Amino acid sequence: MALKFFKWSINARFYSNTVNSNLVEKLSKISAAKYLDNIEELLNTAPDLCRYSPEQWEKSLENLKELGFNPNKFQYMIAQSPSLLSKPKEKIEDAMNNWSFFDFGRKETYQLIERYPEFLDVKNFNLIHENLSIVKSFVGQKHGFKVIRNSPNIISDSSKSLEEKVAYLRDIMKVDPVEVYKSDVFSLDLLSLKTRHVFLERLGMWFKKKKKGDENDAHEAKKNPKLSKISDSTDKRFATKVCHVTLEEYETFVEMYKEEIENDEDAVERRKRMKNSNEYIEEFEDDENDRSHIYYNK
Amino acid sequence: MLKIKEITKYFCRYKHGKTHWSVIEKKIFTKDRALENFDDFYGNVYGIRWKSMRIALLCKQKYIAMVNNFGEEEKVSNILEEDGATNIRILYDVTKRSMKDDSGRFYIDENYANNAFNGESKMENIVEKKRSQEIKQIYADKDHASDVKFSNDDDEEDSDQESDEEKEEKIYNIEHKKALETSFREDIAIDHSRIIDPEFTQGALYEYVPATKIKGLEDFVPESDHYRYYSNVADFPLKIEMETEFSIPQNLQLYSYEMGNISDFRLPFKTITGVSSHFLMNGSSILPPLVLNIKPGDVIFDACSAPGGKSLLLLQTHMPKLLVANDLMESRANKVRKLMQQYIYDFKSSWKNHRCIIREEDARITSEYAAYDKVMVDVPCTTDRHAVNENDNNIFKPTRIKERLRLPELQSTILSNCIRLLKPGGDLVYSTCSLSPIQNDGVVHMALSNVFKEHGITVTIKDLSLVMRPFQSVFKFEHPRGLKYGQMVLPYLPANFGPMYFCKMTRN
């Protein structure tokens, strides 16, 4: 074990000092080179790759091929997760087995891992199961894969925050589940989602469905901007293209809304504390009396 | 034995309480009604820009702090400056200086000189649209819709307000019948050829007399009539002059945060003299009293003064010889009284009834003609910001529909009476906090026309576009688009002041 570590550290030290010249030359000679476009650029974008010997590259590619991965994705996968080069075949196989329990289908599971090779390092499968069941309860059993593909962060989000997001989308925004799995909405945090939704609502661009099955409502709600446009665009794009206002206005609103929410939370807490202690009531009343002297104009 | 009471208890249908979410969700609040009305009307007037105004109206408004000259003025100014606020007077002067050309005159932009107005056609379209909607609503039969005209010539103007239910009932009754004029023609013809059995008494004849008038129609104010207050035909001599004189009095300290900064001002505190340190007011409210351009020794009349912010600003300059702060209701006048006592040192003994008179009078009937140098008319209006945010005291309440539709009439009566209170050469500023072109330019137009027809008084409208230009870093103005006589501060999120329309005129 100690010997292994020693060998690894020497290798690492050796290759990390010679980023470009030697390593690039050696890598270009190996059989895996045909799957690599521009080795120098690859090493520059992911310098951690320099830690591994060309033999490791070769072996890793072989392992992945044997396990059924698309070799054309090799470059992308190691650039995303350089530690893949040192991962033994058994470990990858184990991880793939674990992922297959989610019933995405074989093709889909491979697609997912090829897209996010970091998923092979995931250990907390219980959390993923829990989160997926929350999401599936809203979007349907079939579409869990699409959600996880669009918003990979759900594998590490806390279940509570995810539940809040789902509740907001379902009960307050009342969006169609189809729109949810077609967008990256779960990669947005709840505050940003709320901010964008309330911004649209106050602009008069978001129609809220009131009754189930009301044709008028459904017709109006169709005019609402697509959820994918709301969640997948940058602040500037959202402000100018979706809402047709200036970025300055949106930025001011973000600040204002944050303050609004904080004030609401403060008020709720104050009321709670007021109920609990009589002392606080007196304090609060004094404060209110002071405020009554202030006059704001229209 | 089962008692009757118990049976009803068990078989009574369960209903949710008023606070249940499903009840709250279904309920239409007055502010929702206001918003719906604005979406329809302002959406047509301002187009896509209405969205930006809408969100600003629904968000927290921005304030301007006026330092109280009767307290520790320097100390308070320093504190506010330390908090990061900017002195508006200094900002205005600096910007104005940078806008002047070499000869010391304002640089006049072509856009500003050419006061092109393009709102007329929009208003016509709105009136047409509203009228056809109403006719459609009342007469379901489309063929007769074109024949129908509302006859509002009756002089009877009963003030009894109809409830909505009654109105709906009437509409329901008319719906399935023929239009009045058609029934006249057809039914009378049938009557002539009809033989009446002599057995019937004369009373039975009543059944065959066609209706000539619908009961209650004299009280009926169609919504499209409200929009008709906006007329464009100038039937009075009108002169528009460019205003070049404007300055913020030296002893007035007004502080605001720059555009985009949404920080709150600290709350006012008591100073050594016992009065409050500074007054927080909606930023746009400072403009009407400032454009009044008061001079030392002026006698000023504030027609609808409550809650008193503008009057207080005028008194803070120390210039007026006498300020008459008037309001119709006692409770509102008391508000002004309380405010003055809170902000002016020794108000009761040395100011009240000497330099400042607060009284309750109807501004439509005030008869101190040609007595004032300056008059400020901040009329009751739909108060757009209040209407979309608060349900309490909201003019869009269904029972107040008649009051709302006749608001422009009230406004123009107040304005035309106030013009008569001016001395020749005196200035008047008319202001509202509404975005509606009817309550703004429409009312000014109507009042000027009335005053000329009835009393032969002519006025000169002052074009304020030039003197307002240095304020562009603080406020967002509507000019030069869509305004005929005045200036308007638009609600805009980074500078969330207004809405405030103001128009200055001088009596000839």
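1. Begin with a network of salt bridges: it links K239(B), E241(B), E243(B), D298(B), K374(B), D427(B), K462(B) and K504(B). A salt bridge here is a side-chain nitrogen of Lys or Arg within 4 Å of a carboxyl oxygen of Asp or Glu. Over all chains, the rule counts 28 salt bridges.

2. A word on the basis. This is a predicted model, in which local features need pLDDT of at least 70 and side-chain atom pairs count only at pLDDT 80 or more, while totals for chains, interfaces and linings use all residues. Residues are numbered from 1 along each chain as its sequence is written, chains are lettered from A and ligands numbered from 1 in the order in which they are written, and side-chain values use heavy atoms, with hydrogens and water left out.

3. Look at one pair from the network. K374(B) and D298(B) meet through their side chains in a salt bridge of 3.0 Å, N to O. K374(B) sits in strand β9 (residues 372–378) of chain B, and D298(B) in the loop between α13 (287–291) and β6 (299–302), 76 residues apart. Helices (H or I, at least four residues) and strands (E, at least two) are DSSP runs, numbered from the N terminus. Both K374(B) and D298(B) are buried. Buried means under 20% relative accessible area, exposed over 50%, and partly exposed in between (1.4 Å probe, protein chains only).

4. Strand β9 of chain B also holds D378(B). D378(B) forms a salt bridge with K310(B), with the closest N and O atoms 2.8 Å apart. K310(B) lies in helix α14 (residues 309–316) of chain B, so the pair ties together parts 68 residues apart in sequence. D378(B) is buried at 4% relative accessibility. K310(B) is buried too, at 5%.

5. Now the interface. In contact (heavy atoms within 4.5 Å) are 24 residues of chain A and 34 residues of chain B. The two chains bury about 2800 Å² between them, 60% of it on carbon and sulfur atoms. Buried area is the accessible area (1.4 Å probe) that two parts lose on being put together, summed over both.

6. How many salt bridges does the rule find across the interface of chain A and chain B? One. K60(B) pairs with E259(A), the closest N and O atoms being 2.8 Å apart. K60(B) lies in the loop between α4 (49–57) and β1 (63–67) of chain B and E259(A) in helix α16 of chain A, so the pair joins two chains. K60(B) is partly exposed at 29%, and E259(A) is partly exposed at 25%.
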